[in-house]
Each structure stands twice: as C-alpha cells, then as structure tokens.
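Here's a quick briefing on a helix pair and some ring contacts. Have the structure open as you read.

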Amino acid sequence: MRDLKVPEQRHPEKAHRPDNAQPRKPSWIRVKAPTGDGYNATKKIMRDNKLVTVCEEAGCPNAGECWSQGHATMMIMGEICTRGCTFCNIATGRPNALDNFEPGRVADAVQKLGLNHVVITSVDRDDLEDGGAEHFAQTIRAVRHRSPKTTIEILTPDFLKCDDSVLKVVVDAKPDVFNHNLETVPGLYPTVRPGARYFHSLRLLQRVKELDPSIFTKSGIMVGLGEDQQSVKQVMDDMRAADVDFLTIGQYLQPTPKHHGVDRFVTPEEFASYEKAAYGKGFLMVSATPLTRSSYHAGDDFAKLRSARNAKLGQA
C-alpha cells in the first residue's frame, strides 16, 4: 500500500528529479498556522463525511483562515491524480474506482456547514471515459437538492482525452461558476503542465459560454514560475477573447524541493498592476494578490461578480 505522506510515494514521477532550492519567503507571503474551534469543526465535518479537500492535498496557505470560517473546497473523485504537473502537490498515480455515494456526502457536508457558496474541484481522471463529467453533474445535483439556495462553483479538469460532448453533461447540471485554471503562460506548459494543452483549456472555457451564456466562467494563473509581464498580459487577452468573466492571479509556492522551482516572488505592487490591467481589459472580477488561490474568498467574490454583471447589464 502506498503511504501518501511519504514524498517518494506521493510523487513517484518526481522522485528522481534534481532538487530545486526553496528560497526564503518574503514577509507578505507568511501566514499563521491553522488553529481554532472553527478550523477544528470544519475538519471534523470533512473527516466524518470521508471527504477529501484540495485545501489539504495541495497545501493551500489560506486553509487556516478559510476553515476557521467553515469554508472548505471539496475535492471529488479521490486524492490521486492521473497527471504529474510539476507545480502540484496532489499525489500522482492510478486512482481508485469512483465512489457512487460521494455526491451525497458532499451535499451533506455543504448542508452541515451552512454554506452560501461552495467550491467543488477534482483530480484529473484520464482513466475514465468521460473524465468524471457525470460524477461532477451528480454532485452538483445532490448539493442543489439538499441546499437549493447555495451557489455552486466548480473547478474542473480539462477533459482533454474525452469526447467533446462530456462538457455539456457538466454544463447542463447548471453550476453557477465554471472554473478551469490555465495555471501558467503557454511557453511554460512543457515544463509546468506537460500533460495539458494551453489552447485546449482556453477553448474549454469558451465552449462553456457557448453552451450556456448565463454561467460565469473563471480561470487563474500562478506567477513566479518564470513568466514575464508581457506573457501574463497576453494570457489576459486570450481569456477575454474566450469571454472569461473572472481572473485570479496568485504567487506560486513550491511544495517540495522536487517540484518546479520558484523563479521569483512577485511583489504586491506588481500584483496591483496586474489587477488594474485586467480590469482595463474587461474582466468583471479580478483577484490578484500573492495569496490569491482559485477558491480564496470565493463566496464574497461571487457576490461581487454577480453585482458587476448586473451593473454592466443595467440591472438593479
């Protein structure tokens, strides 16, 4: 049996990579260790419902803050991914069979936490014919049934090896926000996201809008991987051409010495300049800070996103 707490077993594809130095984090990156009653209560609900969270698996620096407020990003379809992206801390390998009862457990946890907005993500499941599209749809429907007033945001894989029709299965389940992260600039895909294709991911987001224009689309990238400002702004233009509504930009943090190295720590001032540029390009919502992650403050940001669309359409 694999022990996913052991780095060599968690990331067998990275075990023989040379170590990359892990530079000291600047003051604006450091966060407090997760503690408190709210954090522990959220953790208990996750454990009682046998749920996996991307907060834990990806080592998110905001877990303490979010969990203390009862917010956790559910990660469905297991904790083992079929991809081996060099930035990611989620375990790589052959996943287990899907758990048919998982959608119900996610819905139960959402109800117990009393969430107004929930983010549901997953590992990549290239082993499944539909990439897990039907499992996503079942989870969305289960949450809607238990918590009809909760808004639902999904963060999906790219469904790269699937028939184009599987995307409609997810869209037809009517999530409020469809998020798929581009992660980095196209020039870094061969080293950062080798199992994915930049223009496929971009087209996926565009097709969501074509299938259902009412669904908000969202995507994010990390900086500090070796990109330059011009390439980041080109990604912004590409996203707007695909009619993406919401952009997130955050600092890449290296999980272990075997992962992709940090090229530099981007300053808060440069993040502010990215935010200003993105709003100038027409995004309805932008979150660009060192600690920004896809689901960080997602509920509050969704309310702002909806208000921005209503204002654009001239609605109260």
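Predicted model: local features only at pLDDT ≥ 70, side-chain atom pairs only at ≥ 80, totals over all residues.

Helices α10 and α11 pack at an angle of about 35 degrees, and the ring pairs come to three.

**Helix packing**
- Helix α10 covers residues 229-241 and helix α11 covers residues 268-280, with the two axes 11 Å apart.
- The crossing of α10 past α11 is right-handed.
- On the α10 side, Q229, V232, K233 and M236 make the contact, and they meet E270, Y274, A277 and A278 of α11.
- Sorted by class, that contact has five nonpolar, one polar and two charged residues.

**Aromatic pairs**
- The count of aromatic pairs is three.
- Y189 and Y198 have ring centres 5.6 Å apart and planes at 90 degrees, so they count as edge-to-face.
- Y189 is buried at 4% relative accessible area, and Y198 is buried with a value of 4%.
- F216 and F302 also make an edge-to-face pair, because their planes sit at 90 degrees, with ring centres 5.8 Å apart.
- That pair ties together distant parts of the chain: F216 belongs to strand β8 (residues 216-223) and F302 to helix α12 (residues 298-313), 86 residues apart.
- Both F216 and F302 are buried.
- Y189, Y198 and F199 are joined into a cluster by ring pairs.

**Charges over rings**
- R309 lies over the face of F216, 3.7 Å from the ring centre.
- R240 lies over the face of F283, at 5.5 Å from the ring centre.

Key
Residues numbered from 1 in each chain as written. Heavy atoms only, no water. Axes fitted to C-alpha atoms, helices over the stretch in contact; angles between N-to-C directions. Helix = DSSP H or I, 4+ residues; strand = E, 2+ residues; numbered from the N terminus. Left-handed = near helix turned anticlockwise from the far one by under 90°. Contact = heavy atoms within 4.5 Å. Nonpolar A, V, L, I, M, F, W, Y, C, P; charged D, E, K, R; others polar. Phe/Tyr/Trp six-rings, centres within 6.5 Å; stacked < 30°, edge-to-face > 60°. Buried < 20%, exposed > 50% of the residue type's maximum accessible area, 1.4 Å probe, protein only. Lys NZ or Arg CZ within 6 Å of the ring centre and 35° of its normal.
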